[in-house]
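Subject: Structure handover

Hello,

Here is the structure I promised to pass on, and my notes follow below it.

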Amino acid sequence: MAGRGRMGRLAGTAGVALALATAGRVLAVRRRGSAWPRAAGADPRPGRWQVVTVDRAPGEVLPGGRWPEPLRRLGAAVQVELRPAPGCRGTELAARPVPGAAAPAGLAAHLVGDDPGLLVRRALRETKQLAETGEVLRADRWPADRAPGSPR
Amino acid sequence: MRALCWVGAGELAVRQVPDPELRNGHDVIVRVRQSATCGGDLPLLAGRVPFLAVGDVLGHEFLGEVVEVGPQVRRHRIGDRVVVCASVACGSCWYCRRDLPSCCDNGSADPAVAEAAWGHPTGGAFGQPRAMGGFAGSHAEYVRVPYADVGAFTVPEPVSDDRALFASDAAPAGWMGADLGQVRPGDVVAVWGAGAVGQLAARAARLLGAERVIVVDAEEERLRMAERHAGAETIDHRFADVTAELRERTGGRGADVCVEAVGAAWNGHGPRSLAERFSGGAERPAAVREAVHACRKGGSVFLLGEFTGFVDSFPLGAVTNKGLTVRGARQHGQRYIPMLLERMARDELRTEHLATHRLPLERGAQAYALFRDRADGCVRAVLSPDLRPADG
Ligand SMILES: [Zn+2]
Ligand SMILES: [Zn+2]
């Protein structure tokens, strides 16, 4: 869908993000309420968008137009879109696996498994947490995760 | 450190587990002084909650002292005496900024289970199965507290540990029931359940101006407490037709606000679907049904009980025909705790009588047996790692 009408896809490399920035557009943001681009082909499910709403302006969601680390890890395997949320709710951040794209090593299985949306959803959630709280919340390490008697 | 661990259905044991560590910049580590049993723990204890694993540490209502501070923490330092909100919230998402912290988008390290069960991630909580948040419980010597600037509250000097402990969960839950149930001056408020949460909901209703508060329970001692400490009238469920009694006492109108603080009775049958396996099966909300019937037209019913899944036989017709507002929530403690601590300091809110039993951490299993069976007049049993096993 890149280049279709009023906005372009944020491509999966820092290089292209920089290109967007030098073109004077730090972020390519869709119009409020515009539809996410449809998936090609008959079966829409593999291409369903995972979306989170981030309670921050677009510039705070992708600072400097660059993908934050949680999304960067997925590289060209996902397509990412942004649009303002209605009613001052911040930014809607959407991503979906690109059908047929080569996933980064080790992630391929996750992107084509039972729920290819899971990994994408986690990356979106982490991106949202970074923008809203400054860090990604980590669980406690459970006893099984570590050797007993480790120092405080 | 020592911690009270779940080791099987109905079985608890104190075990040595690794000390918690700072995992995020906004964390603190709290050395626990007091940690309370809660009705929300009983489904976990009974083994009815999927994902609970042998060795998981229970407990979510606690007070203690800050002993370690993450680099991003601004409002706490080592040595602070803090009460910690039982639910975990970030303080900066859309929900937190609108005073709905138990709906926080960022309060759980693993929201997959909540998403599957309820359609959306919810805030985190201490002492739940790992797959339902990722934070160990407080029946231990130390606890890691995420987002400490928004979830841990320094206790004002005049407020004792024994009183402030209940600012962690029971007091904000009760206050929320009266506040979000929209108690107005002059209202008649009915509260189902005279446990800690019900008593504190009744007290909150009084402080918010209710003219009469009527508490329903089936335990004589709890009802006497509600009269003495909350200024409430009471109805003993064992000997009364509650709906008829309430109609009579409210001039035929019904209560303006009904607060349900009982929780659900387990119906005994196993899960009937995948969804039920996530949610723990259908529950029988007897108190909710009664509240809906007893509520005046256009009134509101607030649900504080720890429902996790589905209910059978909900009187939906009464809700629509009487124009009721039915609302529920897990407590939004971050919104209420500073105000509650101030009221505690002014002696408007007294809670220490709720801790009917105080035991050392080592006797945690006994504490839960007392609490579960309501033996010996137990309202809440409070555990302390500082007490020696011979104490209490
Ligand atoms: Zn509780
Ligand atoms: Zn939040």
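Which pattern does chain A follow when read along the sequence? The answer is α-β-α-α-β-β-α-α, with five helices and three strands in chain A; helices (H or I, at least four residues) and strands (E, at least two) are DSSP runs, numbered from the N terminus.

A word on conventions before the rest. This is a predicted model, in which local features need pLDDT of at least 70 and side-chain atom pairs count only at pLDDT 80 or more, while totals for chains, interfaces and linings use all residues. Residues are numbered from 1 along each chain as its sequence is written, chains are lettered from A and ligands numbered from 1 in the order in which they are written, and side-chain values use heavy atoms, with hydrogens and water left out.

Chain A

Of the 152 residues in chain A, 44% are buried (under 20% relative accessible area; exposed is over 50% and partly exposed in between, with a 1.4 Å probe and protein chains only). Taking the contacts in chain A with a separation of 6 or more, 67% come from residues 24 or more positions apart; contact means heavy atoms within 4.5 Å.

Where the chains meet

Chain A brings 23 residues to the contact and chain B brings 35 residues. About 2,900 Å² is buried between chain A and chain B, and carbon and sulfur atoms give 42% of that area (the accessible area, with a 1.4 Å probe, that two parts lose on being put together, summed over both). On the side of chain A that touches chain B, five salt bridges cross to the partner, counting a side-chain nitrogen of Lys or Arg within 4 Å of a carboxyl oxygen of Asp or Glu. One of the five salt bridges joins Arg121(A) to Glu115(B), with the closest N and O atoms 3.2 Å apart. The residues of chain A that touch chain B are six nonpolar, three polar and 14 charged (Ala, Val, Leu, Ile, Met, Phe, Trp, Tyr, Cys and Pro count as nonpolar, Asp, Glu, Lys and Arg as charged, and the others, Gly among them, as polar).

Inside chain B

Helix α11 (residues 286-294) of chain B has these buried residues: Ala287(B), Val288(B), Glu290(B), Ala291(B), Val292(B) and Ala294(B). Their cover includes β10 (188-192), α9 (242-249), β13 (255-260), β16 (295-303) and α12 (316-321) of chain B.

Over all chains, the whole structure holds three aromatic pairs (rings of Phe, Tyr and Trp, its six-membered ring, with centres within 6.5 Å; planes under 30 degrees apart are stacked, over 60 edge-to-face and the rest tilted). Trp94(B) and Tyr95(B) pair edge-to-face, 5.1 Å centre to centre with 80 degrees between the planes. Tyr95(B) is partly exposed, at 30% relative accessibility. Phe126(B) and Phe135(B) make a tilted pair, because their centres are 6.3 Å apart and their planes stand at 55 degrees. Both of these residues, Phe126(B) and Phe135(B), are buried, and together with Phe62(B) they form one aromatic cluster.

Two backbone spots to look at

Most residues other than glycine have a negative phi. Tyr147(B), not a glycine, has a positive phi of about 45 degrees. Tyr147(B) lies in the loop between β8 (142-145) and α4 (148-151) of chain B and is buried, with a relative accessible area of 5%. Asp347(B) also has a positive phi, near 70 degrees, in the loop between α13 (333-345) and β19 (355-360) of chain B. Asp347(B) is partly exposed, at 37% relative accessibility.

Best wishes
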